[in-house]
Amino acid sequence: NATERTYIMMEARLGALFKSESEYSVLDKFPGEVLKGKKYKPLFHYFSKCAEKGAFQVVTDNYVKEEEGTGVVHQAPYFGADDYRVCTEYNIIQRDQAPICPVDASGCFTSEVTDFAGQYVKDADKNIIKLLKEKGRLVNASTSKHSYPFCWRSDTPLIYKAVPSWFVRVEHIVEKLLECNEKCYWVPEFVREKRFGNWLRDARDWAISRNRYWGTPIPLWVSDDFEEVVCVGSMAELEELTGVKVTDLHRESIDSLTIPSRCGKGVLRRVTEVFDCWFESGSMPYAQVHYPFENKKEFEDTFPADFIAEGIDQTRGWFYTLLVLSTALFGKPPFKNVIVNGLVLAGDGQKMSKRKKNYPDPGLIVQSYGADALRLYLINSPVVRAENLRFKEEGVRDVLKDVFLPWYNAYRFLVQNVQRLQKVNIFFSFYLFSLVFDYLSHRLSCTLQFLILFLSSCSNIN
């Protein structure tokens, strides 16, 4: 082209870089697999030492799309799920190594990124483009619209970033999970084999820690080098290990407690993380009865549960966490029967949101069409088949118009005719009674006359 530079890119994406075919000439065509393993010079030198472990080489994968980009995708293993997966598969990073993450908790570049240290990653875009242009490494600068995650509370852009977490091992019990799942009766039945079964087959180790203040503290006390770890199993054990009377398990009451090291590492301190709330939800069968500290027999007599019910989204939530913990602890499922319903979504297919107000007021729906119309609309919808429903007010109105009003009119027609028949029957009954009365009166009169004549005759005979 006019720049006399050679570019390697996906043929389907040539139009993204060049306006017309006259701007470039094709020198060669080959599959991307040919480039596999080739080394390249990174755009920035900050982590050049990582080349010793396999970084800055071309790898291949099938998740790259023709609809966007150039077909050549930079892998940032600690900022994206696909990136992490690909770099792990090629042994560029190890699952248990410390993350290489030059972004702090505030979303700003760390001191390792010398040119942009302290800058918020989104604000640094223009400075990054400027530096690449100065170095002659910029091919094209443009803006494109694409799907991007935003915080549903604040509507601010999110940053995917790997953080150290505590995990529950799950991958080694996948077969046992599938076995326990087979013992449960699901309604609809296809959820067990399809959606839930497929999720179980691909189950990964479960990250149970969250970096928040409010939450249930994870009961792990560790040394500074994390080589010594003590998992505390009860309040009594915590009192014994710390020598402090414990009456409250919230963070502000126990974070200051330390445990003397048994390995000469000074003191052990509690990790800063709290439990993922889904870990607590999955613990519900045991936690609600304070098992195993209390109600041991009552729990064992009623576990597993006869029946539970929840939405289809809980195949990755409550249903899953219940099964994982029950299988790991007891080797059996936590429930015998489960009914799954679909989700009621807004008319545009999004989740109903109090903030967005993307749904009609339920009170007005009931006031306008009646609770029974709303009930029948939901009962006769895909929700009862574990499918999602796009809620529409017109659907409730149609139930009222096409079902309840015809039913009511038919019922009213029946009642009116029954009442009319009852009136006719009353008149007919009265008329019949009159005839019978007249007949009986006539018969009685004849009988009396006969009796009088008979008695007269008897008198004459005497």
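Trainee: Starting with C184: buried or exposed?
Mentor: C184 is buried, at a relative accessible area of 2%. Buried here stands for under 20% relative accessible area, exposed for over 50%, and partly exposed for what falls in between, with a 1.4 Å probe and protein chains only.

Trainee: What sort of model is this?
Mentor: This is a predicted model, in which local features need pLDDT of at least 70, side-chain atom pairs count only at pLDDT 80 or more, and totals for chains, interfaces and linings use all residues. Numbering runs from 1 along each chain as its sequence is written, and side-chain values use heavy atoms, with hydrogens and water left out.

Trainee: Moving on. Which residues touch the most other members in the largest nonpolar core?
Mentor: V170, W186, F196, W206, F319 and V340, out of 38 residues in that core. Such a core is a set of buried Ala, Val, Leu, Ile, Met, Phe, Trp, Tyr and Cys residues joined through side-chain atoms within 4.5 Å.

Trainee: Which elements each supply at least two residues of it?
Mentor: α4 (174-182), α5 (190-201), β5 (220-222), α11 (318-330) and β11 (337-341). Of these, α11 gives the most, seven residues.

Trainee: What is W186 in contact with, leaving aside neighbours within four places in sequence?
Mentor: N181, V191, R192, F196, F319, F335, V338 and V340. Contact means heavy atoms within 4.5 Å. W186 counts as buried, at 0% relative accessibility.

Trainee: How many aromatic pairs does the structure hold?
Mentor: The count is 26. Rings of Phe, Tyr and Trp (its six-membered ring) pair if their centres lie within 6.5 Å; planes under 30 degrees apart are stacked, over 60 edge-to-face, the rest tilted.

Trainee: Why is the pair of W186 and F196 called tilted?
Mentor: Because their planes are at 35 degrees, with the ring centres 4.9 Å apart. W186 sits in strand β2 (residues 185-187) and F196 in helix α5, so the pair ties together parts ten residues apart in sequence. F196 also counts as buried, at 0% relative accessibility.

Trainee: Which residues do ring pairs link into a cluster?
Mentor: W186, F196, W318, F319 and F335.

Trainee: Now the strands. In what sense do β10 and β11 pair?
Mentor: Parallel, over four bridges, with β10 covering residues 308-311. Strand pairing requires that DSSP finds at least two bridges between the two. G311 stands opposite N341 in β11.

Trainee: What unit do β10, α11 and β11 make?
Mentor: A right-handed β-α-β unit. Right-handed means that, with the strands pointing away from the viewer, the path from the first strand over the helix to the second runs clockwise.

Trainee: Backbone next. Is V187 to P188 cis or trans?
Mentor: That peptide bond is cis, with omega near -5 degrees. P188 is in the loop between β2 and α5. F303 and P304 are also joined by a cis peptide bond, with omega about 5 degrees. P304 falls in the loop between α10 (296-302) and β10.

Trainee: What is phi of F56?
Mentor: Near 60 degrees, a positive value in a residue other than glycine. F56 lies in the loop between α1 (14-17) and α2 (81-89) and counts as buried at 16% relative accessibility. A386 has a positive phi too, near 65 degrees. A386 belongs to the loop between α13 (371-379) and β13 (389-390) and is buried at 9%.

Trainee: Last one: where is L238?
Mentor: In helix α6 (residues 235-242). L238 is buried, with a relative accessible area of 3%. Beyond four places in sequence, L238 is in contact with W221, V232, G243, V246, L249, I254 and L257.
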